[in-house]
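Okay, everyone, thanks for coming. Let me put the model up and walk you through a bit of it.

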Amino acid sequence: MSQYSLDQLRESMVKILNSEGGKTAGSGFIIRADGYLVTCHHVIYLLDTLKVEYQGQEYEAQWCEELSNPEVDIAILKISIEGAKTVPIINPPQLATSVTVYGFPPKQENFFPEGIDISAQNIRPSAPVKILPTYPPQQITASNPWNKLPQENSTFTSQRIDAKVDRGTSGGPVFAEELGGVVGVIQSSKSDESYVIRWDNILGELDLLGLEPGKNAVCQFLAEIEEKFNYISFFHIREQKISLREQYIPVQVSLETQRKDVESFLDGEIEAVQKRAYALKGLEESQRSKLGWQEVKKQHQNENFMVLADPGMGKSTLLRMEAATRAQEEREKLEKLKGERSNLIDQTIFPIWLRLSDLAETDSEIINAIPNIIQRDHPKTYPAISHLLQEKLDQGKCFLLLDALDEVPKVQRNGLKEKLQRFKQNYSCPIICTSRIVGYGGGFLEAGKEVEIVPFSQQQTEEYIETWFKNAEEHTNDHVSAEELITELRHKPQIGGLVQNPLLLSLLCSLYQEKGLTLPARRTEVYKQAVDYMLNKWSANRHSVSAGKIAAKIRLLEEVAYYFSCDEEGDGSEVFDLDVLSETINRCLKNEQVSLDFKNSTPSELIEELSEKDGILQKWDRQGNKYLFLHRTFQEYLTAAYLQRKIQENQTAGIALVKKLLWQYDCHETLMLLAGLMKDPIPLLEAITKEKDDIFKTQLLLAGRCLGECGEISHPLIGKIVGRIYKFWHSYPTADFINSTVVVLGKANSRMVEKLQAALKDSDSFVRRQAAVALGEIGNAQAVEALSAALKDSDSFVRREAAEALGEIGNAQAVEALIAALNNSDSEVRSYAAEALGEIGNAETLKKLIYSLEINIYRNDIFPLARKLAVRFSKEKQPFIPVYPKLVRFTYSPIWARVKRLVK
């Protein structure tokens, strides 16, 4: 939202003209585009005719008796015009700002024919002003309706400013530029002070005009929220703002979260036994379901949410979308109101986005901290809505979007949890919190619904790429396209896990448009290339940067990242005070290896270059007193790079630094990235697996996740790690935190896939079932044969999961087995098989369905699949299939309820 300026105010100014000679009688200004304007009654009460000058043209004016109020010295006039420039009217209950008065005093007209502005440093409340003594002592000679005096005891509610205005300025606007609007009408002067008629005096009249200041202030506040959260930048074109709504791909979430905090698994054995018992009774709970976020919100309308996700999965973006969308909805509701006072402002919900770290740092209770943070983040619109914000917090009409619990230091989390609980006990505001999965122990938002953002599907990935290239069309290399990237990704399943992550996918898109660049296969390679480009080609620095300077910058950033993430003197924070950041950089500059390339640079110059030109550092606040990395993942990557360098310089000393981090959950992401950076990760894996007192297998699972970043490695230790994790999983196959590690490891290491394939023949049917689930999530075509065989398993639950897993893998080799499963005795198996065929579905599948003598395509559990495929491949000149719904009598069944989704 652009700031309203004095230049714009001038375009709304009106001269009130004397009846004789056309001289200026006073000032006024346009308040509605169809010609309504406001001035003081004492400016017009002696005039025989009403004429005004607007933008150099003279107009006859009408006095709007029903809208004017002489008893508070306000006159509303109307001229015949369309599209006049209006002023924004705001009515903050308290003012602590400078103001500017604009008007047309005759004595200044020779020097300032277009009017003059007078500044006042202070505006403060005043006692009510008695009107009659401020009127010129002249006899009324005309007999028009407006030629009358106010009652003897009439007063108006006033503000006082510390500046004197000349006669003729009366009726002009009192403009608070910092707040972006007009706060009242200048009335009169006395010695070195002047008095302002507050809008409170005519709220009813303004409401009749559809100009209620309260509504206007709320709309401005909501519009500012929209503006703040509705735009993003791509990595390679930071100067261009992209609409978040246009780029955003709606996420799916699961109600069954996969928290990776081992210590929360104290009752795992009991849980496993219970689940086996349920399975035997046929009462097994469903597998992780994936639902659209909006659908989940509708299903749980009266609940608070904790949204969990891995790094880069879009937790903060989800909250940004919620804030921008809700602000737009609420603003549009208000703007539709015309000409009547409404209680809709009372019903308006304020979407409030806050970082949980801000709430944790203050000693204030949340009810008191929120207004202070909003005042800091929205200084221009806050004063006008401050009283409303407090009311809405009290009434539960603020929608609180609390981001990034993982950014709150662990020592502060319990205190923050208690503060939030006290707030919830007294105020009913709906709340959505976010946190990374790793390190989240559960229960932060008491009675809140925990959901997890799931990775992008192939359809979501490809939709994101197509949208990305459309939005970046003007800044994209002509030699690449969305179609080419999608095709290349389809032929590189080894990076399938990367493109399921929105942050990594965005980075890949930006990197791919660089001509001749080979797509990286691991995320550490993505971050490395992205950092290199941000400091070079994507930088706003107009001068070429040498390779040495770029390397020196990276080294400096590594030092800064490590200091704030892991150093004993740092506080583990993602937000850095400017003075501490400057001190850290200054200390780095004293390092001989760094100082040569920054010989003539100061910390402030480097901070400006890294933030304003390179964009890898970002200002946290408007004042630039705090900074953070572009994304926390970049801080972790650079910290990992620092540790890698230290290990290369001195392996013993470097590994000693790593050991300090092994039991800090918030550092595990850094250690995983470190594994991906190391050419030989064995020393790291040895250090992790040799750690003592690993009662809950925390370090074992960390080793598995580190191994998942490394790809295939030949070393005896690798087989031991995979074997131990598999054994742990076999004992607790339903433990989400173990499953998630197995999947990560399976995507990078074929040994885990082989073990899970063997588990499909385990004597325990529940183990077989969970093995099928894991293989489906891994998505390796190597498992198709074993899963196809599992379609004939004696346990129907295993058959169902095998069919679903084959659909997730999406390999055509499974078509024959899935078609055969359409004749399975279990209706659920048939429906899963049909759904899997719909996912794999190709023209060959359609042919086999048509010509199979054993398959009746008009059967109610197969017909939707056949029709879907027929429509999909109609352009490929396949044999015509007369599948018309009217020819088939569908009967309700659980199968149809599931399969009918395929034709949508």
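So, strand 3, residues 36-40, is mostly covered: five of its five residues are buried, where buried means under 20% relative accessible area with a 1.4 Å probe, counting protein chains only. Strands here are DSSP E runs of at least two residues, numbered from the N terminus, and helices are H or I runs of at least four. Quick caveat: this is a predicted model, so local features need pLDDT of at least 70 and side-chain atom pairs count only at pLDDT 80 or more, while totals for chains, interfaces and linings use all residues. Numbering starts from 1 along each chain as its sequence is written, and side-chain values use heavy atoms, with hydrogens and water left out.

Back to strand 3. In general, side chains in a regular strand alternate between the two faces of the sheet. Here Tyr 36, Val 38 and Cys 40 are buried on one side, and Leu 37 and Thr 39 are buried on the other.

Who are the neighbours? Strand 2, residues 24-32, runs antiparallel to strand 3 and is joined to it by three bridges; pairing takes at least two DSSP bridges between strands. Arg 32 has Tyr 36 as its bridge partner. In that hairpin, with three residues between the strands, Gly 35 takes a positive phi near 105°. Then strand 7 is joined to strand 3 by five bridges, also antiparallel, and Leu 37 stands opposite Leu 77 there.

Zooming out, the open sheet has seven strands in the order 5-4-1-2-3-7-6, with antiparallel pairing. Its edges are strand 5 (57-60) and strand 6 (62-63), each pairing on one side only.

Key:
Buried means under 20% relative accessible area, exposed over 50%, partly exposed in between (1.4 Å probe, protein chains only).
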